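Please examine the sequence and the structure shown below. The paragraphs that follow explain a helix pair and then a protein–DNA surface.

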Number of protein chains: 2
Amino acid sequence: MTDPSARRPRADAVRNRERVLIAAEALFAELGLHAQTDDIAARAGVGVGTVFRHFPTKRDLVEAVIARRTESLIADARDAAADPSPGQAFRRLFAQAAELLARNRAIAEELAAGMDVPALAPSAKQALFAAMCQLAARAQASGELRADLCPADIVMLVSCVAHSVELAQRIDPGLRRRFLAMVLDGLRPGATTPLPGRRLDLEELGRLAGQRTAP
Amino acid sequence: MTDPSARRPRADAVRNRERVLIAAEALFAELGLHAQTDDIAARAGVGVGTVFRHFPTKRDLVEAVIARRTESLIADARDAAADPSPGQAFRRLFAQAAELLARNRAIAEELAAGMDVPALAPSAKQALFAAMCQLAARAQASGELRADLCPADIVMLVSCVAHSVELAQRIDPGLRRRFLAMVLDGLRPGATTPLPGRRLDLEELGRLAGQRTAP
DNA sequence: TGACAAGCGGAGCCTTCACTCCGTATTCTA
DNA sequence: TAGAATACGGAGTGAAGGCTCCGCTTGTCA
């Protein structure tokens, strides 16, 4: 697959790409997706042109940053699948995700947007959702999680937790832990109200979200 | 307080103001806060200048629309305070709010933004939050709602429900009912996990939100 | 019914931001 | 080390969208 005629990239290009990523990580974490390309370039000590050569659109840059920052969480999610108590693992993962989100505004905003902005190939977001849903399924099988929860509900939950983190950070970070605890209480198997309506799996969810976002 | 020298407003001005409000209600409901002033003017059959004479900024127009659309919900909330089962009334009010939000994107976005954009005098949003918190307090007193819930949690909940409605509308409206049911399950008094951290009342919440939003 | 305050319309201003273009500089290869 | 290939910088472009300005129109009051 690798073109043998392709020469290795220039050293300055490699260096600059890395600098841009680091600057973007910092600014996206602090300001969210509203961080501006010019500022990222300035922080990286590089011209805007350079940013756009490495990442043709701002969206590409966002994706790259989020993929890097989410890597370890996705790894944790996969490890958790082997945990002897899937229910506890599920709750722990949610808490870890919330912590990550609290330190990275852009990721919180991105996850708050749910399944939207699709067609991004097997993106970090999708990988994370998939891992969480698998973990949830195991927790349901072991009776530690309400059985009527479906994958679409999980995506919704993650999105809402992300939203709550965004909100809490602007007001009082303690609030996000309270919200999380409350939501997790609603997920216990002893839940009193059966969830109404039809179940929706990840595939269909992606399809529905895709339909709406396409121009 | 009324200036006696002020003549009554011209008939065409009154008519146009009403037209603008109706057009804005329709477009905000459909497109959310992104609806554009030019389009609202066009829909009202009026020039942009006219819109801005009646509502000096877009924000003013949004406030006016939301106040109108929220009136009956706030009235319901106040009535609910007299309900013999405050717990049920609380849950019913949440469901009513979610329905309203589903039909009005702008209100959903606005409530999703939580306590932000303050300094809007006794706004519709604040009135609604206040009424809901009062109802919650009664439900707690009657043991139908977990006792460790504080006013800030309610605001957070409303905001997250609004967010979930926004999300669900783009994907599958059924999801918003599932989310609501799940969250309400987490509010029952039998909840297992005590909410961590300190309680926060509406006043302090408003102060904190104000600090962050001020320029 | 005439004078004039109040209101109207909409071209265009101004700011914000993602993104482009091209002359110059740096790195790599032979 | 020369020449080609690649990358760089940043002024400039274009689109979006809130808001202003001012010449014209319309209601109101005496």
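The crossing of α5(A) and α9(A) is right-handed, that is, the near helix is turned clockwise from the far one by less than a right angle. Helices here are DSSP runs (H or I, at least four residues) numbered from the N terminus. Helix α5 spans residues 86-103 of chain A and helix α9 residues 174-185 of chain A; they pack at about 155 degrees with axes 11 Å apart. The two are therefore roughly antiparallel, a label for angles over 145 degrees. On the α5(A) side the contact (heavy atoms within 4.5 Å) involves residues including A:Phe94 and A:Ala98, and on the α9(A) side residues including A:Leu180 and A:Leu184.

The model is predicted: local features need pLDDT of at least 70, side-chain atom pairs count only at pLDDT 80 or more, and totals for chains, interfaces and linings use all residues. Residues are numbered from 1 along each chain as its sequence is written, chains are lettered from A and ligands numbered from 1 in the order written, and side-chain values use heavy atoms, without hydrogens and water.

Around DNA strand D there are 21 residues, of which A:Arg10, A:Asn16, A:Thr50, A:Arg53 and B:Gln36 come nearest; a residue is near if one of its heavy atoms lies within 4 Å.

Key: Axes fitted to C-alpha atoms, helices over the stretch in contact; angles between N-to-C directions. Parallel < 35°, antiparallel > 145°, perpendicular 65-115°, else oblique.
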